[in-house]
Amino acid sequence: VTGDYSGALRPQVHFSPPKGFMNDPNGLFVDADGLYHIYYQYNPTGLVAGNQSWGHATTTDGYTFENQPVALFPPNNETFVFSGSAVVDVNNTSGYFPGQDNGVVAIYTLNNSTSQNQNIAFSKDGGYSFEPFEGNPVIDIGSTQFRDPQVFWHAQTESWVMVTVYAAEFAVGIYTSPNLKNWTHASNFSNHGLLGTQYECPNLVEMPVEGSDETMWLMFISINPGAPLGGSISQYFPGSFNGTHFEAVDPVARISDFAKDNYAGQFFSGIPGTEKRLSIDWASNWQYTNVVPTGNEGWRSAMTVFRQNHLKKLPGVGWDLVSTPFNISSQFSQVLASNSSLGNSSILLDYSNVPSGALYFEANVTGLTPSTLAGSLNFTFTSSISGENVQGGTIPGGATWVSRRNAGWGSENPYFTDKFSSNGVYSGSDNGTWTLSGVLDRTILELFVNGGEQSATLVFFPEYPLDTLRIGAADIPEGAGVSVAVWGLRD
Ligand code: FRU
């Protein structure tokens, strides 16, 4: 399966579909050889949402993708394959994989005008082709708003666990099963956080905790529409899980991204016990996803980069999901800038010679003390042809802003909001160092504040490629220093 990835708007280190329209990541799993499988909500024949199938791609590094044949097609003209997950049935609990430890089971919603119900399909070839279970659906509650099952193995209770939403009731149903085929309702987690008009795409995952051997559980819920900034957003709840019930540490709604293009995130499943907490998210928003100009290149939507996640307790803030680009240094091709004593100045660099047009940048303020959390960092990516730009900045302490106001397409679109900012909520005292970093990839920017304590994902569509970067610092206090490094990514 090949696609034309040469268009000026095509991200190069982010996944986007070969052609057609993509939304949510589905079925993320890593196999015993370390090969990552990505499935996704896919319209293979159109440039707007519809004909929901599961597209499929594989990657060994999270940045270079091989497109695979569509894995799940709609069973008929009225019924579509909505979001879901996939697991490796290592111990053949389903009985479908005698003598095999690499059987893959996809768990997904079939949607038509009268029903949404949960179904499973088996793959004996490691996730490339699937056979629907003859006993489908495996859960049907007679609802039209019941979808997006995520399944994982819960070692302590030796049971499969599913979370799935009663979308219009703002509830996540928790089910358990010994074999992926027979499911028992265990509990509901409901009416927490931001409700929007519906809950979608729940994920429940065990998370490492920074500075501790303990783990915590994280309930991740997407809402659309109804995000505070408009449209689609994801929120999360740290808490505990005993195999049947999830309890959040507090009622706070924590939003996972402070811009507008990060939705329906999903965490990878793996060989039980070996999971790294990797995730990807859909880098778009239902408010405008069907009209963005990448349609002119025959495709719509990209995923975020692979992210590595953990929880951290921040002074004065509480539990926080920390996300950083997974193993990004594996993609560094050339050093574009490396300055460890920038001080209160800036550097301007031309990266038009980086064929991918993709960069990773990092600016560190070092030597801070809690009483000198001052100064600012700023960056501007500009097109040398048109002057179109994306810019942002931040202060040690955390308040961060980013703007796509002058980045080309979108000023006529009332939903394509152009400026975003976050609160200054950081301790800033991690070894006196404070960091702003990001991945820019032609039409997507992912910003990571202080090592991923907060992040922002935004897409933008300039008429001419952005090809220069100015990055610098101002008002940095006495005794503190600034270092900046910029790399071209895989060319
Ligand atoms: C979220 C969502 C899911 C659904 C899928 C359909 O973006 O609405 O709830 O399963 O997209 O494509």
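How many bridges join strand β14 to β15? Select residues 215-223 for β14 and 233-241 for β15. Seven bridges join these strands, which run antiparallel. Strands here are DSSP runs (E, at least two residues), numbered from the N terminus. Two strands pair if DSSP finds at least two bridges between them.

This is a predicted model: local features need pLDDT of at least 70, side-chain atom pairs count only at pLDDT 80 or more, and totals for chains, interfaces and linings use all residues. Residues are numbered from 1 along each chain as its sequence is written.

**Stay on β15.** Seven of its nine residues are buried (20 or more other C-beta atoms within 10 Å of the residue's own, with C-beta atoms placed from the backbone). Click Phe220: its bridge partner in β15 is Tyr236. Tyr236 also has a bridge partner in β17, Arg254. Strand β17 covers residues 254-255 and joins β15 through two bridges, antiparallel.

**Next, select 246-248.** This is β16, paired with β15 in the antiparallel sense over three bridges. Ser240 stands opposite Glu247 in β16. Four residues lie between the strands of this hairpin, and Gly243 takes a positive phi near 105°.

**Now zoom out.** Colour domain 1 (20-324) and domain 2 (327-489), as given by the domain assignment, whose bounds come from an automatic or database source. Their centres, taken over C-alpha atoms, are 30 Å apart. The contact takes 31 residues from domain 1 and 29 residues from domain 2 (C-beta atoms, placed from the backbone, within 7 Å). Finish on strand β22, residues 318-325: four of its residues form the largest share of domain 1's side of the contact.

Note on methods: Buried ≥ 20, exposed ≤ 12 C-beta atoms within 10 Å, placed from the backbone. Contact = placed C-beta atoms within 7 Å.
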